[in-house]
Amino acid sequence: QLYHKGCIMKQAELFLAADSGGSKTIWTLLTKEAEVVFEYRTRGLGTVKAGIAPIEEIITEAAEMLKNFGVIKQIYLSLGGPNTNEIYEMLKKTWPEAFVVVEREANGNAVLYAASFLKCSSVVMCGTGSTAVGLKHGKRCYSGGWGPVYGDGGSGGGLGSSALRIFLRSLDESQEIGAIATLFQPLMKGLTITNFEDRMELKARALNMKRDELAALAPKIYTYAENGDELSVKLYEQAAEDVASMALAVSDTAADTNVLLCGGFFANKPIFINMCKTVFAKKSSANLVYNELFNPSTAAQMMLLKQENANMTPKLFEKILYKKKGSSQ
């Protein structure tokens, strides 16, 4: 549970905004006036294809936590994955009385709308995966978003995958790779790398690491980078290059253009954000903007209220934005 005001809004019309990626889902129950009634976190629903995540179990968990707050009129879920149909069907089954919309986060509809209140016309979203969307020469365009095999540069999953790849190669080359090696010691438990059967077991263990597990390594690698670990620094330098390249691809280069950095990969990483800005400044006169209170959940709430024809004023946007600060207490 992230935030709970109690059941004081039972008589009000209730709306459910959710943002879900590969690692987590944030469920926010709110009124048309952007009053947050309840907020809850579950595992992520977004996957590279249907049938991977325990969708029913996750949504049932959320429904159980929300059941005492009254009837939900509308649900809007922004999804960081292509498995929209299975999510939609399960939401309708769980809340048959609600009007349900499930939309791909990467299409930019929600995040660009919300980012406009921060005077940003493009957004680079980096969490478990990465993608970018924006207005360039007046037209919407996209960059990244190719998934864990062919993309994910500038994301937690991408950085963790790169670290794992280097670790496995280091075993063959017998070279020191610094502090990162300690992250993968659990993979090596009980194995001798010179034994072929053990090598194959290590391969199986590595392939079985989930995307969110790899993404969870990113904060630890960031700490290593802060402490001067050479490989960790290089990994974040490459991530900064990837972020800057995505930003360049989806934005104009004029000095009055603002590109918003959004997503959990940027959280609590001021040095990395400055790295991104430094790299981007060499490519464009536009500006990278980061607001620690803005996240994809903010965009989902804004989009839901827009679809409900709420009076979307800057004041209402600020109410949603600053509510996030209180929700973690």
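Modeller: Two strands pair if DSSP finds at least two bridges between them; helices (H or I, at least four residues) and strands (E, at least two) are DSSP runs numbered from the N terminus. This is a predicted model, in which local features need pLDDT of at least 70, side-chain atom pairs count only at pLDDT 80 or more, and totals for chains, interfaces and linings use all residues. Residues are numbered from 1 along each chain as its sequence is written, and side-chain values use heavy atoms, with hydrogens and water left out.

Colleague: Which strands stand at the edges of the open sheet of five strands?

Modeller: The strand order is β9-β8-β7-β10-β11, with mixed pairing. Each edge strand has a single partner, so one side of it is left without a neighbour in the sheet. The edge strands are β9 (139-144) and β11 (287-290).

Colleague: In which sense do β10 and β11 pair?

Modeller: Strand β10 covers residues 258-262 and is joined to β11 over four bridges. Val 259 stands opposite Leu 288 in β11. The sense of the pairing of β10 and β11 is parallel.

Colleague: How is α9 oriented to α10?

Modeller: Helix α9 (residues 230-249) packs against α10 with the axes 8 Å apart and an angle of about 55 degrees. Axes are lines fitted to C-alpha atoms, for helices over the stretch in contact, and angles run from 0 to 180 degrees between N-to-C directions. Angles under 35 degrees count as roughly parallel, over 145 as roughly antiparallel, 65 to 115 as roughly perpendicular and the rest as oblique. Therefore α9 lies, relative to α10, oblique.
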